[in-house]
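The following explanation leads the reader through a structure, from individual residues to the chain as a whole. Please keep the sequence and the model in view while reading.

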Amino acid sequence: MEMASRVEIDEDNDNKGSMWDLNQKLDQPMDEEAGRLRNMYKEKKSSALLLFRLAFQSLGVVYGDLGTSPLYVFYNTFPGKIEDPEDVVGALSLIIYSLTLIPLLKYVFVCKANDNGQGGTFALYSLLCRHANIKTIPNQHRTDEELTTYSRSTFHEQSFAAKTKRWLERYVSRKNALLILVLVGTCMVIGDGILTPAISVLSAAGGIKVNHPHMSNGVVVIVAVVILVGLFSMQHYGTDKVSWLFAPVVLIWFLVIGGIGIFNIWKYDSSVLKAFSPIYIYRYFKRGGKDGWTSLGGIMLSITGTEALFADLSHFPVSAVQLAFTAVVFPCLLLAYSGQAAYLMSNRDHVVDAFYRSIPDSIYWPVFVIATAAAIVASQATITATFSIIKQALALGCFPRVKVVHTSKKFLGQIYVPDINWILMILCIAVTAGFKNQSQIGNAYGTAVVIVMLVTTLLMTLIMLLVWRCHWILVLLFTGLSLVVECTYFSAVLFKVDQGGWVPLVIAAAFLLIMYVWHFGTLRRYEFEMHSKVSMAWILGLGPSLGLVRVPGIGLVYTELASGVPHIFSHFITNLPAIHSVVVFVCVKYLPVYTVPEEERFLVKRIGPKNFHMFRCVARYGYKDLHKKDDDFERKLFDSLFLFVRLESMMEGCSDSDEYSLYGQQTEQSRDGLLNNTGHTTCSFVDTTVSSVDSIMPARSSMHASLTVRSSGQVSSQTETDELEFLNSCRDAGVVHIMGNTVVRARRDSRFYKKIAIDYIYAFLRKICREHSVIFNVPHESLLNVGQVFYV
């Protein structure tokens, strides 16, 4: 059933009169309800055995990308012939210190800035949103801060952190700028998810040509495409199963490249170990000039995968990721690069296939098979990172609604996004078949990686100021050192924008447009809900029947508001002559936390007098949480509703409480008298109505206490039984889900770019994305859509 209305937002209408004040008193926030749900929620600490197991698994998910860089680093650093053997030592020195400064030091440090184990740009953004009022959709309330997972710190008013917080909160433009910065980093991670499989698989498949030099390059591309199709087709099995399959492959890979490195150092030239001295970096730049500077774009490929390392933290504990890196990944990579450098000192003409040519002939084909498998694993790291970061963006209203599947019952963060998986596959095949050259793909890859690093550094600066409250000198040292290194790499990749570096910029621009337009439309829809919500005084004025026929059943009215009556409800009851016997306003909102414990998810309160049978339920989720495709949501909602009725009745029966008094039978009678206008003055109207709405109110007089005593015992027990029976009978009669089908349109006087964004891009995204009814798994036979149109 569809109904349509046309509503226009008057954004400048901020007039708030006496009716607005009355409405604020009628519909109070859920402070008491949130307090009753407070618990001591603590995560289980991992045992040592589990830590080693997860560290082993993390090799197959997190470090594949970083581990396969030796396949193509030296080729992208020296696309032509190596002129001077000293250049090899200088390049090796740059690789050694890049691995030390970025993955080892910075990202081990950055990983500590995770949001309860969640990594990525959106996790950092969520952490900042809890410590400063910078979230662009203002749907949070102080009751949300009482969640056990809502960790935040307080500032001294004159501290540098407090001044930074006020500076960020002062203007909306600064909040938007920070959001755009986060979106840019997210889009670049998505670009990595496209480019990493392309360059890794193409580089590994290129090993075929070493023993068959006359083979066509097209054959290599076809082999790479076949491998990529197989890789993306395996994603639905999930990270947990895939990691157990890939982790042994990656462990063998690291041990093999480390062993080959030791062999080459011993056989060819052990003098390359002098590259551990940073003096050779200075000599490299002095001798190479501009060519040496632009070669940094190839050097930087040695640290690709660090952004996936951070984004993939949601799949594994931080300690497991750090253990795997320090014990296995870092030493094996140093040995592998040193071995290749030793080989190139004696074979400067073999730089194109340096890795494969440095392999001893007796083990060439086994290593080729392992390299191909490791390249597949490398792709897995960025694909899973892309899934994680898109799930976070989806929860925070910055990405169109797509299907998200949890693939592991043990680890909640391991997910699969089918739509994104196939989009990544198509784009990845297009890049592989289009370029056919790993050098140009490497240029594109380097551009994406360095921009993600810059975004992470800027967000880390704010984390250190607002969350850790570090001294400004320490913040300046970290930011300055990180920016010097990363801006150096960035300046090098700028020279290669026309040689393939434009690819991630185009991909990022497309995703950025989609994400920002979706967020803009979501924000405008929320503002529409806020501006057009109905006064509670108007609802109370309708009387117990709401001015309509009350039919058996329960109506769940979905809204984005945590307070107030949504416009779709008033539109519904003014167009239909009946409403259900029980009405529950359901608000599902995501908070900037990684998860909301099940015990604290639902907040329930009563709206209006008891004989109205109207309730509000707020379901709170973190960006890691997911609605399950079963009846869990509806069942838990009603369990929370029934529990609320029992607790309400129990509190009414408490006659020895001095702290709280609850409305009882006499208060209910006074409410009926209020609604029938039986002589109450305006003052008593407000006071009595306020006590009628909130289930728990602070005691104000001895008269309230006496009312509570009189309403205790059998009366409250009988009232509870009657209401529970009534609710159960209504539930058996049927549950109807009432959802708003809102159509957004740009005003006629809007500028052309706003019309394009709203009327075409946002409308197209709304058409192709998943509906709320699908996300909540609402059966079609119990779904009622209420259509409305509004203009922004």
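The sulfur of C587 lies 9.1 Å from the closest cysteine sulfur, which belongs to C617, and this is too far for a bond. A disulfide is defined here as a pair of cysteine sulfur atoms within 2.5 Å. By this rule, the count comes to zero disulfides.

The model is predicted: local features need pLDDT of at least 70, side-chain atom pairs count only at pLDDT 80 or more, and totals for chains, interfaces and linings use all residues. Residues are numbered from 1 along each chain as its sequence is written, and side-chain values use heavy atoms, with hydrogens and water left out.

Cysteines may also be described by their accessibility. A residue is buried under 20% relative accessible area, exposed over 50%, and partly exposed in between (1.4 Å probe, protein chains only). C587 is buried, with a relative accessible area of 0%, whereas C487 has a value of 38% and is partly exposed. Of the 792 residues in the protein chain, 57% count as buried.

With a relative accessible area of 21%, Q322 is partly exposed. Q322 and S58 are 264 residues apart along the chain, and their C-alpha atoms are separated by 9.7 Å.

The protein chain contains 31 helices and eleven strands; these are DSSP runs, numbered from the N terminus (helices: H or I, at least four residues; strands: E, at least two).
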